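Student: I have a new model open and want to learn how to read its features. Can we go through them one by one?

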Amino acid sequence: MQSTFLRRKMPLLQVLALLAALLSSLPQCRAAEAVATCSGIVPMRWRREVVSITEFGAVGDGKTLNTWSFHKAIYRIQHLRKRGGTLLYIPPGVWLTGSFDLTSHMTLYLARGAVIKATQVSPQYIGTEMNKEDLDRSLFGASEQDLFLISNVVIKHVTVLAPYDSPNTDGIDPDSSSNVCIEDSFVATGDDLVAVKSGWDEYGIAYGRPSSGITVRRLTGSSPFSGIAIGSETSGGVENVLVENINLYDVGIGIHIKTNVGRGGYIRNITISDVNMNNVRKAIRIAGDVGDHPDENFDPNAVPTVDGVTIKNVWGEEVEQPGSIEGIKNSPFTRVCLSNVKLWGVGASPWKCTDVTGAALGVNPGPCPQLTSSFAMTPCSNDF
Ligand SMILES: *[C@@H]1O[C@H](CO)[C@@H](O)[C@H](O)[C@H]1NC(C)=O
């Protein structure tokens, strides 16, 4: 099992500038009370230790490889377990590094002008990867019970960049994580910008950790693959996801909810609202046949369910295809509700739907007949 975890393709993260606040205790600007924000979802701690990456020998000249410094710093934060948590300060400069994991009770803080730059030499991932696989890969040999439960994560004001043509460079993937908030960020990568996951087929089912309570807000980005993705590895289940105020341009699939037979698990109570898209191949895709299997041992009877997906207030221009909602034959998607979805620049290509029930109101071009035009008839769960 371990080796399968290790073989799993990790999403890469190449970062030119990153400011991630993990268990953030930064006093946030309180100017606009009315603006929804992640601030406050994580308990504030005032008496924090502050350490600078330079104390661990790092050099921000864009040439020195600082992987070891990051590992040392995070090892120390992890093992000192300061009561108020620790802020790891990254001064202005270009900090070249290989992959590293964050740990609990820490804030990774990038000063203005600080850039964390991933090396090209080997698979890299940093910071925002949050799953067991990564923990298993960590240098520190953490035992199972040492694994920090991946919850209460705030990622704010982050810029994540990877080349448009770079493979497997997901931006931010909450994986088997709860209470995660990603906001006010810019992500432009060669793969999905944000993908909420929870494990892969029989391994994910055995591990059984859902992702829940995930908020993504005020994110802008561009990718040849998906803008906002859920899946396809959702074997532990994904629920209670709120995505709002998103701007996507030059993207393959704007909103992509994806799973597969063999995954098991569920995707439910998903709300996505206020999304602008420009130059998109396909605006919305919800599909039950996406992604491959880790090996031949996946259970063909592990059929996932998708229930309660609301997508509303979407405005798309230069949209090639409006979308498709294709459920699984013996597990149709239920309560899929579209409201006020306006997509322009669409040629003749219509929506394509199979094995789905739900409703659609104010959808242009006109939605497929599988979705009724009355919410009164359909129990659209989320916010109708
Ligand atoms: C559905 O998810 C939202 C977050 O988007 C949450 O506030 C709400 O409580 C969830 N509803 C249920 C019934 O769990």
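Tutor: Start with the fold: the protein chain has four helices and 19 strands. Helices (H or I, at least four residues) and strands (E, at least two) are DSSP runs, numbered from the N terminus. This is a predicted model, where local features need pLDDT of at least 70, side-chain atom pairs count only at pLDDT 80 or more, and totals for chains, interfaces and linings use all residues. Residues are numbered from 1 along each chain as its sequence is written, and side-chain values use heavy atoms, with hydrogens and water left out.

Student: What percentage of the residues in the protein chain is buried?

Tutor: Buried means under 20% relative accessible area, exposed over 50%, and partly exposed in between (1.4 Å probe, protein chains only). Here 57% of the 384 residues are buried. The accessible surface of the chain is about 15,800 Å², and carbon and sulfur atoms hold 53% of it. Such areas come from the Shrake-Rupley method with a 1.4 Å probe; for residues, only the protein chains shown count as cover.

Student: How do I read the contacts in the protein chain, and what percentage join residues at least 24 apart?

Tutor: Contact means heavy atoms within 4.5 Å. Take the contacts between residues at least 6 apart in sequence: 77% of these join residues at least 24 apart.

Student: Now a helix. What does α2 reach from its first C-alpha to its last?

Tutor: The expected span is 1.5 Å times one less than the number of residues. Helix α2 (residues 67-80) has 14 residues and reaches 20 Å, close to the 20 Å expected.

Student: Which residues of α2 are buried?

Tutor: An α-helix has 3.6 residues a turn, so residues three or four places apart point the same way. In α2 the buried residues are T67, S69, F70, H71, A73, I74, I77 and Q78. They pack against β2 (49-52), β3 (61-65), β4 (86-90), β5 (93-97), β6 (106-110) and β7 (114-118).

Student: Why does S198 count as buried?

Tutor: Because its relative accessibility is 1%. S198 is in the loop between β11 (194-196) and α4 (201-207). Leaving aside neighbours within four places in sequence, its contacts include D175, R209, E233 and G237. A polar side-chain atom of S198 lies 3.0 Å from the backbone nitrogen of G237.

Student: Last, the ligand. Which residues are around it?

Tutor: A residue is near a molecule if one of its heavy atoms lies within 4 Å of it. Around the ligand are N240, V241, L242 and N269. Taken alone the ligand exposes 360 Å², and the protein buries 37% of that. Strand β13 (residues 238-258) gives the largest share of the shell, three residues. An oxygen atom of the ligand lies 2.4 Å from a polar side-chain atom of N269.

Terms used:
A polar contact is a pair of N or O atoms within 3.5 Å; within protein, one must be able to donate a hydrogen and the other to accept it, and residues adjacent in sequence count only if both atoms are side-chain atoms.
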